[in-house]
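Let's take a walk through this one together. Have a look at the picture below, and then we'll go piece by piece.

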Amino acid sequence: MDTSPVPRLELRGITKRFPGVLANDNVGFAVMPGEIHALLGENGAGKSTLVKMIYGIMQPDAGEILWNGQPVTVANPKAARRLGIGMVFQHFSLFEAMTVLENIALGLDAKVPQRELEAKIRAVMQQYGLLLDPHRTVSTLSVGERQRIEIVRALLLNPSLLIMDEPTSVLTPQEVEQLFVVLRQLAKEGCSILYISHKLHEIKALCDTATILRGGKLVDTCDPKVETSRSMAEKMIGAGLKDIVKGKDRSFGAARFTVRELSVKSDSQFGTSLDRIGFEVRAGEILGIAGVAGNGQNELLLALDGEIPVGADAILMDGKPIGARNTSERRRLGLCAVPEERHGHAAVPDFTLADNSVLTARDRLGMVAGGLINSGKAKTYTGDVISAFSVKAQGHGSAANSLSGGNLQKYIMGREILQNPGVLVVSQPTWGVDAGAAAAIHQAIVDLAAQGTAVVVISQDLDELLSLCDTLAVINGGRLSQKKVVGEVSIEEIGLLMGGVHGTAEETHITAGAAHAVPA
Amino acid sequence: MSAEFLVAIVYAIVLVATPILLAGLGELVVEKSGVLNLGVEGMMLIGAVTGFAVTSLSGNAYLGVLAAAFAGSAASMIFGFLTLTLSANQVATGLALTIFGGGFSALAGKSFLGKTVPAFTQLFPTELATHPIWRVIFGYSPLVYLSLIMCVGIAWFLKRTRAGLILRAVGENDLSAHSIGYSVIGVRYLAVAFGGAMAGIAGSMFSLVLTPIWAEGLTAGRGWIALALVVFSAWKPYRLLVGAYIFGAVMTLEVHAKAAGGVFSALPSEFWAALPYLATVLVLVIISLRRGSSSGAPACLGRPFIPSA
Amino acid sequence: MQFRLEKRPQPSQLMLYLAPVLAVLLTMVVGALLFSALGYDGIGAVLEIFTKPLTNPLKWQDLGVKAAPLIIIAVGLSIAYRANVWNIGAEGQYVAGALGGTAVVLLTMKMQGPWILPTMIIAGMLAGMALAAIPAFLKTRFDVNEILTTLMLNYAIVQLLYFLLRTSWKDPMAFGFPRTALFTASQSLPYLWPGTILHWGVPIAGIVAIIAWFVMGRSVFGFQVRVVGSAPNAARYGGFSANRTVWLVMLVSGALAGLAGVLEAAGPFRQLVPAFPTGYGFTAIIVAFLGRLNPFGCVIAGLVLAISYVGGEVAQTTLGLPSAATGIFQGMLLFFLLAGDVFVRYRLRPVVARAQGEAA
């Protein structure tokens with residue numbers, strides 16, 4: 001009799017093809033009962049696709065899925081839930097205008113009377129310490145609280161396998177710890193956890209096993225407690241890592257970009273108002289603005305680049321007040337910006353790259369004469385951007401939405417950087433971008449600063465900010481903390497600021513760049 | 001102003017308001033699921049001509065109304081197929097349906113021009129229904145009572161049933177609903193078909209109740225007023241009821257103005273004819289002023305559902 | 001065999017040009033079936049409607065005259081639709097244009113001179129712009145949906161037309177018929193060649209299309225319109241004001257609809273009558289879509305829809321079809337075009353049965 005333990009979930013030879021790309025190529029691994037198993041890989045490695053097939057959203061083209069040793073077909077999410085598979089998505093499936101209770105009811109397959117459901121929900125919340133008021137409307141909840149709804153939804157099914165897709169990208173360091181407590185308790189009770197992430201130190205802290213994917217293929221299944229962050233990163237990336245080249249002994253020039261008492265009242269129900277934001281950036285300095293999503297980052301960028309009106313003296317560039325100037329005027333004066341949304345904000349998806357160049361560069365680079373557009377100049381400029389930033393595109397005539405995320409982001413960054421701005425403000429510069437492009441973008445930012453531009457980087461990725469920036473501030477609830485020098489502030493302190501606490505805890509110094517080496 | 005005169009006014013208002021209430025309720029459900037169907041006028045016309053034709057041929061008005069409902073539903077399926085299965089532009093498709101409905105009804109109705117049918121105006125026994133005072137409650141066509149029942153029914157459905165919850169969810173966030181596993185397209189098809197049936201019934205009211213004859217363009221733009229009514233009601237059934245009766249009052253003002261005399265009768269008839277449409281514009285402005293940024297519209301309204309792989 | 005729609009990596013150029021052609025053919029086929037089902041001679045009707053106008057040289061002038069207003073209005077609408085501004089009020093703006101021109105006519109009845117006609121035309125364009133300004137204002141200031149406001153104003157302005165014709169603008173010699181007096185020679189559009197009915201409105205339509213093509217393709221305004229319609233956030237980021245764009249496209253489309261109105265009043269009609277609103281404003285919407293929101297496409301599409309009008313008139317006399325029946329063809333044309341348009345961006349793929357697992 002075979003006494004070796006039966007895996008709760010096993011994948012063998014899973015393959016999935018999309019037009020033009022092999023998303024998963026013969027992938028296989030096993031998850032034991034009570035195991036916390038990481039699925040590790042860069043953006044585009046195939047993790048999401050794999051997990052969608054486990055949850056029944058898609059079907060594999062080849063291979064099989066075994067559940068408790070038996071081959072199964074997971075036809076749809078309902079079937080997955082019936083098997084005992086629960087999933088907490090990275091992008092929440094929530095309905096903003098409805099209550100917590102209604103949202104959870106929608107996530108269930110069976111019809112449960114409201115009072116009974118509420119009792120069950122409260123029991124689950126008690127058991128795992130996930131506190132929420134069932135009658136609050138979702139739009140009033142923070143991102144961390146919204147995630148709790150998703151988790152409660154999944155837990156109500158009594159799952160034997162819980163899939164978490166990039167759960168911590170929206171949490172403060174403290175909230176991450178709270179989540180880990182919940183997950184460890186679940187694992188102790190026998191539930192398997194499939195934990196998808198690209199955050200190496202989290203995986204080292206939480207997981208028993210890690211399966212690493214790269215380019216759709218399985219690279220290795222290993223024990224993260226034994227491996228080093230660097231070795232796992234190398235398996236993820238597949239090449240030697242390269243640190244960012246930053247000049248030593250960099251000195252900063254005069255203040256180029258000053259923001260004073262910047263307040264903006266949010267006009268939408270779901271937005272965040274800005275409250276007396278102030279900071280100063282000198283020539284050659286890279287200031288990072290850290291924070292969990294939804295704390296005013298969007299509004300800040302829109303205020304800085306002129307898309308939202310602000311007080312005339314709230315923003316100064318090279319000493320001159322520009323708060324009353326509109327976006328085009330600010331560009332002419334040398335302020336370029338890159339919003340976080342590539343598709344539909346920073347670039348027009350259906351337009352060619354040349355047209356997208358006209359979008360922002362037309363005034364600064366003289367592409368307009370007598371109300372007419374000089375398409376020749378636009379095409380030439382686009383060609384320059386493509387070659388300088390190694391954008392993989394067929395040419396200036398390619399549609400923006402035909403480029404991969406990384407390449408489009410490289411083009412957008414290049415389009416702004418080659419305009420030689422005096423001040424550059426970027427938001428989430430490498431969100432959803434593959435490692436190679438991310439490194440190129442980081443290097444370009446550093447090089448630009450070295451030429452005397454003042455740079456502001458708004459990002460949710462603390463690791464990125466710590467390796468890239470000279471100084472750091474934290475935005476929370478529309479308010480900005482004091483500027484700190486990177487290297488003189490601890491992760492704990494930053495985490496507390498991100499969570500809205502302004503006290504200090506035990507400080508342990510970290511040096512910039514040590515926590516996460518940036519891959520080539 | 002005698003009681004009988006008041007009753008006459010209220011009676012007229014109810015009659016005029018009911019078609020836009022019926023069509024408006026149907027469109028409310030459709031829009032709650034996230035779909036904007038501008039083809040209401042066309043579906044009403046198709047319903048009107050079908051109801052008339054079937055009643056004329058069979059002699060049974062109930063059959064006519066049923067046929068009108070089916071016809072409206074069938075017409076809405078053209079819209080549904082184009083916008084839900086083929087993801088075509090909802091505004092253009094709705095307009096095409098309106099233009100098509102106008103032409104189709106004119107063509108199909110040609111052989112019925114000049115014919116009359118027994119009017120479908122009575123449900124309760126004649127004594128009550130024609131009583132000068134009590135007819136204000138008992139004197140209406142079955143379609144009027146249907147409209148009130150539907151209003152209550154739809155309000156209950158949306159607020160209190162699981163199916164209504166799912167429909168609202170689909171209109172709020174189609175991608176989330178799809179991730180959870182609900183059939184967004186399926187729910188929307190059902191909603192569109194229901195909206196079509198209601199519009200068809202509303203149309204039949206014109207040809208069977210209001211004036212039991214058939215004429216081209218019988219609905220005279222009332223379908224568009226029903227659309228405005230849905231916005232006015234902030235997608236809430238009871239507000240729709242109130243709005244329909246307010247609009248009904250405006251639309252019957254012309255007749256009453258002449259009776260009231262004085263300055264009202266001095267205004268030209270064209271002014272009264274234009275008043276409902278101008279009033280709609282005014283109402284739309286007032287709603288926008290009151291509500292500010294959040295209009296209460298289903299978040300996905302008018303956007304095609306494109307599930308990302 | 002189950003099918004699903006799969007997005008094409010690039011829009012299909014073939015389908016882009018084929019879709020309108022297929023739409024016309026399918027309309028003819030289905031139209032014939034529909035007519036037969038309703039008791040008419042289906043095939044005969046379709047042939048009458050679609051081929052007679054093309055084969056009879058006398059009818060070609062009719063086509064030009066019918067197509068001209070459709071093209072002018074559609075070009076204006078296509079600009080607005082490109083910016084995602086859904087101006088459904090072209091019918092009203094068209095009537096307003098006629099009203100504007102007629103106002104000048106009534107003021108200049110006793111006068112003569114080559115300046116009268118251009119003044120009429122300008123007045124007509126201004127009137128169309130004025131009417132379009134109302135929904136533009138309501139949208140930019142109060143965020144009121146332009147679909148409903150433009151639509152409601154159609155009905156209102158038509159009532160104004162009836163009122164004026166019945167009262168102060170009525171021709172004293174008309175004896176009970178509400179209509180204006182006939183326009184004089186200086187107030188009417190001259191013909192291109194004597195003996196034909198082709199008036200100056202026809203080449204004007206062509207000129208409008210050419211100017212629109214140039215402006216939309218080369219100018220910052222054209223770029224602005226396209227960005228606002230395609231990605232409003234990107235437009236704002238690029239420094240374009242959404243509100244200004246709404247105003248501009250509404251005024252332009254209103255002006256062009258008004259232009260069509262005054263040309264039609266001064267051309268084929270030479271007076272204003274209650275039957276003046278013929279639905280061109282709504283048909284032009286179909287023309288704009290059929291023409292893919294492109295000025296030259298609008299020219300071709302305008303001719304196609306003109307065929308349906310001219311043919312419909314023929315069928316009225318020979319087959320007894322009611323004039324409103326052309327709505328069936330126009331609606332169907334748009335249906336088939338919208339359906340065909342889908343295949344420009346997507347293609348049909350059979351869903352293959354799930355492959356069984358290979359040996360691990």
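Which residues in α1(B) and α7(B) meet each other? Keep in mind as you look that this is a predicted model. On the α1(B) side you'll find B:V14, B:T18, B:L21, B:L22, B:L25, B:V29 and B:K32, and they meet B:L143, B:V144, B:S147, B:M150, B:C151, B:I154 and B:L158 in α7(B).

Now for how the two helices lie. Helix α1 of chain B covers residues 3-32 and helix α7 of chain B covers residues 142-160; they pack with their axes 9 Å apart, at an angle of about 25 degrees. Angles under 35 degrees count as roughly parallel, and α1(B) and α7(B) are therefore roughly parallel to each other. The crossing of α1(B) past α7(B) is left-handed.

Next, see where chain B touches chain C. This contact takes 38 residues from chain B and 35 residues from chain C. On the chain C side, α5, α6, α11 and α13 each supply at least two residues, and α13(C) gives the most, with 12 residues. That side of chain C divides into 27 nonpolar, six polar and two charged residues.

Finally, chain A. It has 16 helices and 23 strands. Its radius of gyration is 24 Å, close to the 24 Å that the globule rule gives for 520 residues, so chain A is as compact as a globular protein of that length. Its C-alpha trace spans about 80 × 45 × 45 Å along the principal axes, and 49% of the 520 residues of chain A count as buried.

Conventions. Residues numbered from 1 in each chain as written. Chains lettered and ligands numbered in written order. Predicted model: local features only at pLDDT ≥ 70, side-chain atom pairs only at ≥ 80, totals over all residues. Contact = placed C-beta atoms within 7 Å. Helix = DSSP H or I, 4+ residues; strand = E, 2+ residues; numbered from the N terminus. Nonpolar A, V, L, I, M, F, W, Y, C, P; charged D, E, K, R; others polar. Rg over C-alpha atoms; globule rule 2.2 N^0.38 Å. Buried ≥ 20, exposed ≤ 12 C-beta atoms within 10 Å, placed from the backbone. Axes fitted to C-alpha atoms, helices over the stretch in contact; angles between N-to-C directions. Parallel < 35°, antiparallel > 145°, perpendicular 65-115°, else oblique. Left-handed = near helix turned anticlockwise from the far one by under 90°.
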